[in-house]
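Student: I have a protein model open, and I would like to learn how to read it. Could you walk me through it?

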Amino acid sequence: MKHLLIIAGVAALATTAPAYAKPDHAKGHKGHHAKGHVGYGTGGCPPGLAKKNNGCLPPGQAKKLYNIGQRWPGNYGQAWNYNQIPYDLRSRYDFDDDYRYYYGDGYLYQVDPATMLISQVVSAILR
């Protein structure tokens with residue numbers, strides 16, 4: 001009786017074993033697959049994200065990275081001087097010409113030049 005149960009268990013496991021199939025790209029089919037990053041910029045970054053110079057991050061992810069009180073990364077956004085900011089934004093948000101300003105992905109960042117900490121983030125689509 002014990003041998004019969006063992007044989008039945010082995011048979012059940014053998015019939016339910018997963019099928020080992022190779023994916024299409026491993027079978028040697030060329031098809032429509034191309035080598036490398038076709039239509040992408042340096043490092044496989046899509047062209048729309050590559051031109052933003054933020055490390056190939058989507059806008060929502062980049063926005064989450066830089067908040068008030070965090071240190072400003074030197075490689076993100078474009079540096080703006082005080083006079084490049086439209087007057088209505090300068091007056092509405094009390095921008096001061098003593099600070100540095102950076103624009104990236106629709107956000108204007110006010111950065112303290114002494115500590116390089118972000119002191120204000122304004123959602124401002126300027127370009």
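Student: Where is D96 placed?

Tutor: Helices (H or I, at least four residues) and strands (E, at least two) are DSSP runs, numbered from the N terminus. In this predicted model, D96 belongs to the loop between α4 (87-92) and β2 (100-104).

Student: What should I know about the numbering and the model itself?

Tutor: Residues are numbered from 1 along each chain as its sequence is written, and side-chain values use heavy atoms, with hydrogens and water left out. Because this is a predicted model, local features need pLDDT of at least 70 and side-chain atom pairs count only at pLDDT 80 or more, while totals for chains, interfaces and linings use all residues.

Student: How is D96 classed by accessibility?

Tutor: Buried means under 20% relative accessible area, exposed over 50%, and partly exposed in between (1.4 Å probe, protein chains only). D96 counts as partly exposed because its relative accessibility is 30%.

Student: Which residues does D96 contact, leaving aside its neighbours within four places in sequence?

Tutor: Contact means heavy atoms within 4.5 Å. With those neighbours set aside, D96 is in contact with Y82, Y101 and Q110. Take Q110: it is 14 residues from D96 along the chain, and their C-alpha atoms are separated by 9.0 Å.

Student: Is Q110 buried or exposed?

Tutor: Q110 lies in strand β3 and counts as buried, because its relative accessibility is 5%. Not counting residues up to four places away in sequence, Q110 touches F95, D96, Y99, R100, Y101, L117, I118, S119 and Q120.

Student: Why is β3 largely enclosed by the rest of the structure?

Tutor: Count its buried residues: 5 of the 5 residues of β3 are buried, so the strand is largely enclosed. Then look at both faces, with Y107, Y109 and V111 buried on one side and L108 and Q110 buried on the other.

Student: Which strands pair with β3?

Tutor: Two strands pair if DSSP finds at least two bridges between them. β2 and β3 run antiparallel, joined by 5 bridges, and R100 has V111 as its bridge partner in β3. β3 and β4 also pair in the antiparallel sense, over 5 bridges, and there V111 has I118 as its partner in β4.

Student: What do I find in the turns of these hairpins?

Tutor: Start with a general idea: most residues other than glycine have a negative phi. The hairpin of β2 and β3 has 2 residues between the strands, and D105 in its turn has a positive phi of about 55°. In the hairpin of β3 and β4, 6 residues lie between the strands, and M116 in the turn has a positive phi of about 60°. D94 is another residue with a positive phi, near 55°; D94 lies in the loop between α4 and β2, and counts as exposed because its relative accessibility is 63%.

Student: Which residues does Q120 touch, not counting those up to four places away in sequence?

Tutor: Q120 touches I68, Y93, F95, L108, Y109 and Q110. Its place is in strand β4 (residues 118-123), and it counts as buried because its relative accessibility is 18%. A polar atom of the Q120 side chain also lies 3.5 Å from the backbone oxygen of Y93.

Student: Where is confidence lowest and where is it highest?

Tutor: pLDDT is the predictor's confidence in each residue, from 0 to 100. Confidence is lowest in helix α3 (residues 59-65), at a mean of 62, and highest in strand β3 (residues 107-111), at 90. The protein averages a pLDDT of 74, and 60% of the residues score at least 70. Over residues 31-38, pLDDT stays under 50, and the model has 1 contact beyond four places in sequence for them. Where pLDDT is low, the predicted coordinates should not be read in detail.

Key:
A polar contact is a pair of N or O atoms within 3.5 Å; within protein, one must be able to donate a hydrogen and the other to accept it, and residues adjacent in sequence count only if both atoms are side-chain atoms.
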